[in-house]
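This report describes a single protein chain. Please keep the sequence and the model open while reading.

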Amino acid sequence: MSMNQGLSQLFGSISSKGSSGNTNFLSDYASIKSGSYGRLMKSYYGMGQDSSSVSSGSKARTNNILESILEERRNPKVSEDVKEANANLTSGISTLKNSVAALQNDNTYTNTQTNQNGQTGQNATDKVVSAMKNFVSQYNDVVNAAKHSTLSNKTAYIANMMKTSKANEDKLAEIGVTINLNGTLQFNEGKMKATGISKVQELFSSKDAMSYGSTVMSRLQFAGIGSTTDATDKDNTAGSSAAALKADSEALASDKLYEKVKDKDGKETDAYDIDKIFSTAKSFVNNYNGMFDAAESSTNSGVLANLSNIREKTAQNANILKQFGISVDQKGRMKIDEDTFKKSDMSQVQKFFKDYGSSIATNASLVDYYTTTKANAASGYTAAGAYSVQGSSRFTDFI
């Protein structure tokens with residue numbers, strides 16, 4: 001007799017009984033529902049196991065599944081294509097840095113004379129054309145590798161590099177470099193020659209921290225380094241500096257900081273508390289630099305986007321800041337001269353920071369938000385290299 005036949009006989013006997021058999025029916029039904037009847041049938045026909053072996057077997061299978069999941073998390077399976085893309089991206093970043101460095105080198109823009117060994121010199125234009133061809137080719141190799149890479153700590157910087165190219169699209173077009181729909185570049189040698197190499201040198205200038213070449217090089221340097229420090233510690237430091245910068249920016253934009261000093265009788269004078277204003281400005285500069293030192297190597301797309309906005313706003317206002325004794329070096333770090341600042345017209349300082357300070361406070365607040373709240377959730381990329389952060393649609397066509 002099979003187990004199915006046994007069950008059929010049981011239900012047959014149940015249906016043949018009248019209302020007087022309800023008690024037995026409920027008892028039998030309870031046995032079936034609890035599984036005891038099934039275990040009895042399996043044991044009778046030699047197919048069963050005792051409850052302890054069933055339980056231990058179930059736990060073992062569950063543990064094996066969980067262990068498999070954990071192992072997959074620890075050592076994810078990567079296809080050969082992805083491995084190749086990761087390797088190409090790593091090597092490509094290093095090669096691309098060299099091609100950017102060549103376009104930043106002043107020697108590239110000068111004619112090479114014939115040397116004592118009789119080696120024929122090179123024309124500067126030909127040297128720049130060759131360097132530009134290398135840059136475009138290696139740039140495209142990196143972009144294509146990033147599309148299939150799982151190295152999110154690198155692809156985040158490549159996406160930022162591509163954003164920089166998009167922001168400089170008009171300047172690049174002027175020297176014969178256009179951006180394709182897939183984010184790669186295309187070079188027109190004739191147009192570059194017609195424009196002249198001085199425009200190329202200006203665009204890639206290493207002396208200007210905000211030039212296209214300097215910004216691209218910065219992204220590549222961080223992409224090449226990858227994540228070598230404790231991300232949590234870096235995020236905490238960056239968040240702390242960003243929060244402090246926000247507070248300083250808001251203070252410099254407020255009316256309260258510029259309230260006139262009162263005399264001994266409590267009457268308002270025409271004098272500002274210059275020491276207090278300078279102290280706030282000095283703190284602003286220190287926290288500005290501290291935030292960039294800690295956050296610039298972040299792989300968080302939200303952090304990078306807001307740092308970029310802050311850097312651009314500062315570059316646009318560099319001349320005004322300089323009038324107040326606040327200078328910006330090639331790395332984008334600030335320095336404040338106390339004498340120059342204290343001699344400045346505080347009403348003009350207040351007027352300037354009403355706009356600039358408020359704007360910096362907004363971006364600093366977002367840097368703080370992303371580093372402390374979104375750091376783990378917004379690495380930015382899926383395993384397939386797709387950009388996954390909210391508001392990222394503008395990057396979809398790139399990576």
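**Overall make-up**

The model is predicted. The protein chain has 399 residues, and 38% of them count as buried. Its secondary structure consists of 17 helices and six strands. Among contacts in the chain with a separation of 6 or more, 68% are between residues 24 or more positions apart.

**Nonpolar cores**

The largest nonpolar core contains 40 residues. Within this core, the residues with the most contacts are Met132, Phe135, Tyr139, Ile158, Met161, Val200 and Phe204. Helices α5 (80-104), α6 (124-146), α7, α10 and α11 and strands β1 (177-179) and β2 (185-187) each give two or more residues to it. The most comes from α6, which provides 12 residues.

Which residues does Tyr139 contact, leaving aside its neighbours within four places in sequence? They are Leu96, Met161, Met162, Ser165, Gly183, Leu185 and Tyr212.

**Selected buried residues**

Ile93 lies in helix α5. With residues up to four places away in sequence not counted, Ile93 touches Val142, Lys154, Ile158, Leu220, Ala223 and Gly224. Ala159 has its place in helix α7.

Is Ile93 buried or exposed? Ile93 counts as buried, because its relative accessibility is 1%, and the cut-off for buried is under 20%. Ala159 also counts as buried, at 5% relative accessibility.

Each of these two residues can be paired with a residue elsewhere in the chain. The table gives the separation in sequence and the distance between C-alpha atoms.

| Pair | Separation in sequence | C-alpha to C-alpha distance |
|---|---|---|
| Ile93 and Ala145 | 52 residues | 10.0 Å |
| Ala159 and Ser301 | 142 residues | 8.7 Å |

**Aromatic pairs**

A pair of aromatic rings is described by how far apart the centres are and by the angle of the planes. Across the whole structure, a search finds 13 aromatic pairs. One of them is formed by Phe352 and Phe353, with 5.1 Å from centre to centre and 80° between the planes, an edge-to-face arrangement. Phe352 counts as buried at 10% relative accessibility, and Phe353 is buried with a relative accessible area of 0%. Both residues belong to a cluster linked by ring pairs, which also contains Phe284, Tyr288, Phe292, Phe324 and Tyr356.

**The largest pocket**

Empty space is found by rolling a probe the size of a water molecule over the atoms. The largest pocket holds about 600 Å³ of space. It is lined by 26 residues, of which Asn168, Lys171, Met210, Ser211 and Tyr212 are the closest to its centre. Tyr212 is also one of the contacts of Tyr139.

Which element supplies the largest share of the lining of the largest pocket? Helix α14 does, with eight residues. The elements that each supply at least two residues of the lining are α7 (152-167), α8 (169-174), α10 (197-203), α11 (212-225) and α14 (301-316). By class, the lining has 10 charged, eight polar and eight nonpolar residues.

Notes
Residues numbered from 1 in each chain as written. Predicted model: local features only at pLDDT ≥ 70, side-chain atom pairs only at ≥ 80, totals over all residues. Heavy atoms only, no water. 1 Å grid on protein atoms, 1.4 Å probe; cavity = no way out; pocket = protein on both sides within 12 Å on 5 of 7 lines; lining within 4 Å. Points joined across faces, edges and corners; volume = space filled by probe spheres on them. Helix = DSSP H or I, 4+ residues; strand = E, 2+ residues; numbered from the N terminus. Nonpolar A, V, L, I, M, F, W, Y, C, P; charged D, E, K, R; others polar. Core = buried A, V, L, I, M, F, W, Y, C linked by side-chain atoms within 4.5 Å. Buried < 20%, exposed > 50% of the residue type's maximum accessible area, 1.4 Å probe, protein only. Contact = heavy atoms within 4.5 Å. Phe/Tyr/Trp six-rings, centres within 6.5 Å; stacked < 30°, edge-to-face > 60°.
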